[in-house]
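Have the sequence and the 3D view ready as you read.

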Amino acid sequence: MNIVLLGPPGVGKGTQAQILAKKLGLKWISTGDILRKEVAEGTELGKKAEKYMKEGKLVPDDIIIEIIKKHLSSSGVIFDGFPRNLSQAKALEKIMDVDKVIFLNCPEEVVIFRLTNRRICVKCNRVYNLISNPPKNDEVCDVCGSKLVQREDDKPEVIRKRFRVYNEETKPLLSYYREKGILYEIDASGEVSEITKSILGVLNE
Ligand code: AP5
């Protein structure tokens, strides 16, 4: 099964994708995580992507498609943060069939609160939340003991820009997939485990 997780910045796509990939034996492909790794390693691709990410803009489609092709696997895939616009959705169709698109929906004020409290580990990239999923020790990763930091694009002005980009470029995908009959909307305002249960319900239908 190939699944796409769609939704606004900070709604919990990465959190759910990680859990679902493990439970269902799918390969988790997060374009955001892959790009952040490329930036951290200072690769050519990372250098090209960095300026767009810092400003909360979408990275050009050709870079994203190159990444997707590089990371595809023959097993089922769960996409987190891809596709982000119509041309990426059409490019994906040429590569593989998408079975279900899960739209995680949540009021904007809830996701902004989640984003401003998100911290990530500088070394292993594990994601925390100071309110809903705090580290055991103050601002230090439970797994590798490294420092936790705020993502550069989680600053208020960049969050606002990311929401604008989401509304203008990604939201049109909702009607695109609804017309294809593969869009399933999930209320993502509750607890992590409740949301996972709702998604699994839809995937098992
Ligand atoms: P990306 O990393 O994909 O950013 P995003 O879509 O804005 O999503 P986030 O990673 O911010 O949030 P999320 O929905 O995964 O939430 P999370 O689970 O972390 O992309 C970053 C940038 O890369 C883009 O701006 C763009 O520049 C570029 N890019 C990436 N993909 C691209 C593409 N396809 N095309 C072009 N450019 C691309 O959760 C957020 C916080 O909330 C965490 O702290 C978490 O612990 C907490 N949390 C999660 N669920 C809950 C819950 N139910 N209750 C309480 N807290 C919760």
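## Charged pairs and a buried helix face

Aspartate 33 counts as partly exposed, at 31% relative accessibility; here buried means under 20% relative accessible area, exposed over 50%, and partly exposed in between (1.4 Å probe, protein chains only). Keep in mind that this is a predicted model, where local features need pLDDT of at least 70, side-chain atom pairs count only at pLDDT 80 or more, and totals for chains, interfaces and linings use all residues. Residues are numbered from 1 along each chain as its sequence is written, and side-chain values use heavy atoms, leaving out hydrogens and water.

Which residue forms a salt bridge with aspartate 33? The partner is arginine 36, itself partly exposed at 21% relative accessibility. A salt bridge here is a side-chain nitrogen of Lys or Arg within 4 Å of a carboxyl oxygen of Asp or Glu. Aspartate 33 and arginine 36 are three residues apart in helix α2, so about one helical turn separates them. Helices (H or I, at least four residues) and strands (E, at least two) are DSSP runs, numbered from the N terminus. An α-helix has 3.6 residues a turn, so residues three or four places apart point the same way.

Lysine 54 and glutamate 50 are also about one helical turn apart, being four residues apart in helix α3. Lysine 54 is partly exposed at 41% relative accessibility, and glutamate 50 is partly exposed at 30%.

A further pair joins glutamate 93 to lysine 180. This one links distant parts of the chain, from helix α5 to helix α8 (residues 172–180), 87 residues apart. Glutamate 93 is partly exposed at 36% relative accessibility, as is lysine 180 at 44%.

| Salt bridge | Closest N and O atoms |
|---|---|
| Arginine 36 and aspartate 33 | 2.7 Å |
| Lysine 54 and glutamate 50 | 3.8 Å |
| Glutamate 93 and lysine 180 | 3.5 Å |

How many salt bridges does a search of the whole structure find? The search finds twelve. Elsewhere, salt bridges link Arg118, Arg151, Asp153, Asp154 and Arg162 in a network.

Now turn to helix α4 (residues 61–71), whose buried residues are Ile63, Ile64, Ile65, Ile67 and Ile68. Among the elements covering them are β2 (27–30), α2 (31–41) and α3 (44–54), where contact means heavy atoms within 4.5 Å.
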